[in-house]
Amino acid sequence: MQTPYYLIDKSRLLPNLEKIAWLRDHSGAKALLALKCFASWGVFDFMSDYMDGTTSSSLYEVKLGREKFPGETHAYSVAWADHEIADVLANSDKVIFNSVGQLTRFAQASRDHTRGLRVNPGVSTSGFDLADPARPFSRLGEHDPAVIAPVLDQITGFMFHNNCENADFDRFDEMLTLIEQRFGHLIRQLTWVSLGGGIHFTGAGYPLDRLADRLKRFADQNGVQVYLEPGEAAITNSTTLEVTVLDTLFNGKNLAIVDSSIEAHMLDLLIYRESAKMLPDAGPEDWMICGKSCLAGDIFGEFKFPAPLRPGDRLSIQDAAGYTMVKKNWFNGVKMPAIAIRELDGTIRLQRDFGYDDFSAALS
């Protein structure tokens with residue numbers, strides 16, 4: 001298959017899904033796929049056997065979840081526009097407003113819908129200010145119980161989203177306790193609570209049994225249905241970006257240029273100044289892997305190889321699903337990677353290719 005392409009491997013996706021299913025069974029929590037992280041619907045039928053539905057960040061994600069993923073469709077956005085709200089309500093089971101202002105503004109339109117409110121507990125696990133929902137002056141949710149209490153009769157649930165790549169159960173437990181202490185008197189008047197995503201519970205060694213027990217106790221003590229919104233946890237390590245070396249140079253370091261670009265195909269590496277993951281990454285040869293765009297800093301990272309790289313060599317960049325495929329773009333007109341799926345029996349099928357007509361249609 002012609003590179004570049006994203007390769008979603010169901011055999012690597014399955015262990016994550018099995019952990020999600022185990023957690024659902026032992027905690028009573030429901031799991032919704034966070035489409036902001038992963039929206040490649042070619043595997044939604046497979047994932048839906050292990051999850052309860054989707055949650056969104058925009059109208060288009062709401063519609064995609066309703067059309068492609070069986071189960072519940074939760075509609076959240078930082079702000080809904082007047083021209084969107086009818087479609088949002090028509091395509092969702094629950095609508096979650098980011099503020100009391102939005103809830104009030106659309107109170108009449110949504111009066112017959114199940115409604116929730118995002119609440120910002122003021123604590124998070126994000127190591128990046130850019131991604132910290134509890135950063136100073138955050139616009140992400142209401143934070144004052146006194147402001148929330150007067151509208152409690154208009155909603156049936158809360159959404160908290162304050163975890164970010166949190167692999168520390170004790171930290172999760174501590175923050176959930178703070179949520180209960182500050183908002184528990186309000187939570188106990190509701191019927192459901194979403195605890196958002198960002199809990200890295202499918203990672204190796206994570207104490208799933210302790211998490212299941214904590215979620216069950218939270219649900220029982222507060223009388224609510226708990227929802228989780230796994231994104232990365234659902235698809236981590238499931239997907240590679242397959243690329244080919246086009247050229248090599250030496251300028252103080254061995255440089256290899258591939259037929260892809262972090263600016264276009266792995267944008268989070270650029271945003272957070274992180275290195276890609278490569279397998280294999282061992283051997284005596286040190287090489288910097290570079291993208292083909294005109295951006296000087298279009299660098300995947302530096303890796304080790306068993307032999308010198310040459311044009312035509314194929315490389316597999318790991319963990320290329322979460323917040324990666326959803327952010328791909330047409331910068332420099334670099335060909336957008338195709339999407340391929342490896343089935344459980346090992347066969348690979350092309351799900352979607354992208355060509356010039358797609359590039360042309362993106363702008364006018």
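Student: Let's start with one side chain. Is Phe158 buried or exposed?

Tutor: Buried means under 20% relative accessible area, exposed means over 50%, and partly exposed is in between (1.4 Å probe, protein chains only). Phe158 has a relative accessible area of 0%, so it counts as buried. Phe160 is buried as well, with a relative accessible area of 0%. Before we go on, a word on the source: this is a predicted model, where local features need pLDDT of at least 70 and side-chain atom pairs count only at pLDDT 80 or more, while totals for chains, interfaces and linings use all residues. Residues are numbered from 1 along each chain as its sequence is written, and side-chain values use heavy atoms, with hydrogens and water left out.

Student: How do I read a ring pair, and what do Phe158 and Phe160 form?

Tutor: A pair of aromatic rings is described by the distance of the centres and the angle of the planes. Here, rings of Phe, Tyr and Trp (its six-membered ring) pair if their centres lie within 6.5 Å; planes under 30 degrees apart are stacked, over 60 edge-to-face, and the rest tilted. By this rule there are 10 aromatic pairs. Phe158 and Phe160 make an edge-to-face one, at 5.9 Å centre to centre with 85 degrees between the planes. Then there's Tyr356 with Phe359, a tilted pair at 6.2 Å and 55 degrees.

Student: How many residues apart are Tyr356 and Phe359 in helix α12?

Tutor: Three, and therefore about one helical turn separates them in α12 (residues 356–362). Helices (H or I, at least four residues) and strands (E, at least two) are DSSP runs, numbered from the N terminus. Tyr356 is exposed at 62% relative accessibility, whereas Phe359 is partly exposed at 30%.

Student: Which residue joins Phe158 and Phe160 in a cluster?

Tutor: Phe183; ring pairs link it with those two.

Student: And the strands: in what order do they close into a barrel?

Tutor: Strands of a sheet pair through backbone hydrogen bonds, either parallel or antiparallel. For a pair to count, DSSP must find at least two bridges between the strands. In this model eight strands close up as β2-β3-β4-β5-β6-β7-β8-β9, with parallel pairing. As one example, three bridges join β2 (residues 30–34) to β3 (residues 53–55). Leu33 has Thr54 in β3 as its bridge partner.

Student: How many helices and strands does the chain have?

Tutor: It has 12 helices and 17 strands. Of its 364 residues, 53% count as buried, and the C-alpha trace spans about 65 × 50 × 45 Å along its principal axes.
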